[in-house]
Amino acid sequence: MNAIRICWLFLIATLSTSIASAGEDWPRFRGSTGQGVSDAKDLPLNWSETQNVVWKTPIHGKAWSSPVVMGKQVWVSTATADGKELGIVCVDLDSGKIRLDEKLFNVAEPQYCHPFNSYASPTPVIEPGRIYVSFGSPGTACLDTADGKVLWQRTDFVCNHFRGSGSSPLVFGDLLIMNFDGSDFQFIVALDKKTGKTVWKTDRSIDFKDTQPDGKPLANGDFHKAFSTPIIAEQDGRPIVVSLGSKALYAYEPSTGKEIWRVEHRETHSGSSTPVGGEGLIFFGTGIANGELWALRPGGTGQLSDANVAWKTKKHVCGKTSVTLVDGLIYMINDGGIASCLEAKTGAEVWHNRIDGAFSASPIYANGRLYVGSENGNTTVLAAGREFKVLAENTLPDGLMASPAVAGNALILRTRSNLYRIESAH
């Protein structure tokens, strides 16, 4: 079996059965590891509008992107509901005051975006001195985090996101890596993060076989698009980009974009969850419609066969959200509110139970707890382990579409209209 290791944002670290991540900063979607795991020891258990709220800051626009945190800055992207104005907001971590509110792009004729989605769903990625924000094909920009100056922009990528974009960018070394999986074009691209210039661009290699039995075209963009965020893993001692498109999971060489392998999942489409690695496997949800959870043994080249698939399941599988792996157990929440726990190595179910609500935000883990936020604003705190146990239920108005971020011992939560710093009083 080929071992797989997840790469931190700036260096490759071995992923064991117990994952840890830097607790102070939350630099990208799902944190430093991209796996939704924090080493924070004192995150709050209970909160409400009147309990354990350090600050609450209104954020204008309609945007489902998650917050990112570095130092004393919290950043979120935003957009008008019609998609004609796209921008970014920086909030002071200590006070909650808005330090920067910058419009980055004017879009004369926005693409169609499904009402459930937003024009600012991709989460930015931040590193010391710079933040990178993408809205998919309408535009990508790099800003200086000290003064908000725009250092470079790109608006030339052609991709019909069909129902709106959702994939967040990834920084690896000097590269900014992004998925573009639309109804017309499907590719992955790496930019020089210093200049914004294209280093490589690789088309998805899968043959979608867009014909009906009578030979007529099957014109449905849903079968082409995807919303997933790439990760960096390690295979045979070298880093690889693991990227979920529609109907296939791919591995690429980071420096060249050359495809190393792909594994196809023909029966599902519109992959949204971010892959997760550990226990010698890569775990990924295959799609929103009729999705499955697969555990893949990475290795080899070309199109991989079922021999590389350790197990797969259809039961209670997450659609829009991503799984969390801790101490040999996989945790997930499906769109309809069924939480479940599986053995990572075998896929055997440990438990499942229903939580009230519908779910789009991915859970996070810290210090033996899972934080699961719903579209109606409830966050259920579960005990991690082999027994289903609810530790607390907390409610904020206006719903949670964005995944939580962690800053030290504080939760940074974004509802549809506000940004919160939630922290226990001492």
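This is a predicted model: local features need pLDDT of at least 70, side-chain atom pairs count only at pLDDT 80 or more; totals for chains, interfaces and linings use all residues.
Hi everyone, let's start with Ser-255, which sits in the loop between β18 (248–252) and β19 (259–264). Residues are numbered from 1 along each chain as its sequence is written, and side-chain values use heavy atoms, with hydrogens and water left out.

Back to our serine. Is Ser-255 buried or exposed? Ser-255 counts as exposed because its relative accessible area is 54%; the cut-offs are under 20% for buried, over 50% for exposed and partly exposed in between, using a 1.4 Å probe and protein chains only. Not counting residues up to four places away in sequence, Ser-255 touches Val-199 and Trp-200, where contact means heavy atoms within 4.5 Å. From Ser-255 to Gly-136 there are 119 residues along the chain, and their C-alpha atoms are separated by 22 Å.

Ser-167 is 31 residues from Gly-136 along the chain, with a C-alpha separation of 7.6 Å. Ser-167 lies in the loop between β11 and β12, and at a relative accessible area of 12% this residue is buried. Beyond its neighbours within four places in sequence, Ser-167 is in contact with Pro-122, Asn-179, Phe-227, Ser-228, Thr-229 and Pro-230.

The loop between β11 (150–154) and β12 (170–172) also holds Phe-162. Phe-162 has 25% relative accessibility, so it counts as partly exposed.

Ser-183 counts as buried, because its relative accessibility is 17%.

His-316 also has a positive phi, near 55°, in a residue other than glycine. Its place is the loop between β24 (309–313) and β25 (324–326), and with a relative accessible area of 17% His-316 is buried.

Now for a residue inside a strand. Leu-382 is found in β31, residues 378–383, and is buried, with a relative accessible area of 2%. Setting aside neighbours within four places in sequence, its contacts include Ala-339, Trp-351, Ile-355, Leu-370, Val-372, Phe-388 and Leu-391. Leu-382 and Phe-180 are 202 residues apart in sequence, and 34 Å apart in space from C-alpha to C-alpha.

On to the cores. In soluble globular proteins, nonpolar side chains tend to be buried together. A nonpolar core here is a set of buried Ala, Val, Leu, Ile, Met, Phe, Trp, Tyr and Cys residues joined through side-chain atoms within 4.5 Å. How many residues does the largest one have? The count is 28, and those with the most contacts inside the core are Trp-47, Leu-411, Ile-412, Leu-413 and Leu-419. At least two residues of this core come from each of β5 (73–79), β6 (85–92), β29 (364–366), β33 (405–407), β34 (410–414) and β35 (418–422). A second, separate core has 21 residues, including Ala-79, Ile-88, Ile-131 and Ala-141.

Leu-413 is worth a look on screen. Apart from neighbours within four places in sequence, its contacts include Trp-47, Leu-396, Leu-400, Pro-404, Leu-419 and Ile-422.

Finally, the whole chain. There are zero helices and 35 strands. The C-alpha atoms fill a box of roughly 60 × 50 × 40 Å along the principal axes. Of the 426 residues, 62% count as buried. Among contacts between residues at least 6 apart in sequence, 54% join residues at least 24 apart. For 426 residues, a compact globule would have a radius of gyration near 22 Å, and the chain's 20 Å agrees; that radius is taken over C-alpha atoms, and the rule is 2.2 Å times the number of residues to the power 0.38.

Technical notes: Helices (H or I, at least four residues) and strands (E, at least two) are DSSP runs, numbered from the N terminus.
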